[in-house]
Amino acid sequence: MAEKNQQVYPIAPANGYTRSDAESLESADELKRKKKIKMAIYISIFVVFQIIVITTMSLTVMKVKTPRFRLGNINVQSFESVPATPSFDTKFTTQIKIKNSANWGSYKFNAANVTFQYQGETLAVINIEKGKAGWLSTIKRNAEVSLNSSRITGSNLGSELSSGVLTLNSVGRLNGKVAIMFIMKKKKATNMNCTIAFDVAAKALKSLQCK
């Protein structure tokens, strides 16, 4: 009989505290809230990272710069002049340079030409075939140039030859497109404007300056 009347009591926790259902729900809500905060932080970091990447690419990789169209080294093969006539005759080799070293994409250009002038009068024209300059690169086209004064009229060529320096110009315009990562194409035209100075006495190149 004593065993039937004996009551069974639940075992109390070691710290003497029992967690209620409400507290368990509150703890679960707190964990969810912390997870949401972490997720929001991760998303914010990802968005900021993407903005930085896109901005960097826009300012560097995706930015299209105008290629450069220039003359390269000039090697004088012959130079003859007569200030009294006045007249001159010269032959030299040079390079036509298309510099695309600032773009992360190829530059496809159309056929063009380079005109050699004396005080605005055309002395010779060199044709440039269409082609392509690769990304971050420069291409060079060799050219042989022959110039003489037969087309020059009514100028101060005599006094210039007597001064010891003959100044000529080379001009041209190249039209084409820069293709960035095969997804963006932008038209770009580049101009040549070079000043060539010959030392009459030395029969050699004095200076070459291109803008």
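Q: Which residue in the turn of the hairpin formed by strand 10 and strand 11 has a positive phi?
A: Welcome to this predicted model, where local features need pLDDT of at least 70, side-chain atom pairs count only at pLDDT 80 or more, and totals for chains, interfaces and linings use all residues. Residues are numbered from 1 along each chain as its sequence is written, and side-chain values use heavy atoms, leaving out hydrogens and water. Strand 10 and strand 11 form a hairpin with four residues between them; strands here are DSSP runs of E, at least two residues long, numbered from the N terminus. In the turn, the residue with a positive phi, of about 55 degrees, is Lys 203.

Q: In which sense do strand 10 and strand 11 pair, parallel or antiparallel?
A: Two strands pair if DSSP finds at least two bridges between them. Thr 195 stands opposite Gln 209 in strand 11. Strand 10 and strand 11 are joined over six bridges, and the sense is antiparallel.

Q: Which cysteines form a disulfide?
A: A disulfide is a covalent bond between the sulfur atoms of two cysteines. The rule used here asks for a pair of cysteine sulfur atoms within 2.5 Å, and the count comes to one disulfide. With sulfur atoms 2.0 Å apart, the pair is Cys 194 and Cys 210.

Q: How many residues apart in sequence are the parts tied together by Cys 194 and Cys 210?
A: The disulfide joins Cys 194 and Cys 210. Cys 194 lies in strand 10 (residues 184–199) and Cys 210 in strand 11 (residues 204–210), so the parts tied together are apart in sequence by 16 residues.

Q: Is Cys 194 buried or exposed?
A: Buried means under 20% relative accessible area, exposed over 50%, and partly exposed in between, using a 1.4 Å probe and protein chains only. Cys 210, at 28%, is partly exposed. Cys 194 has 0% relative accessibility, so Cys 194 counts as buried.
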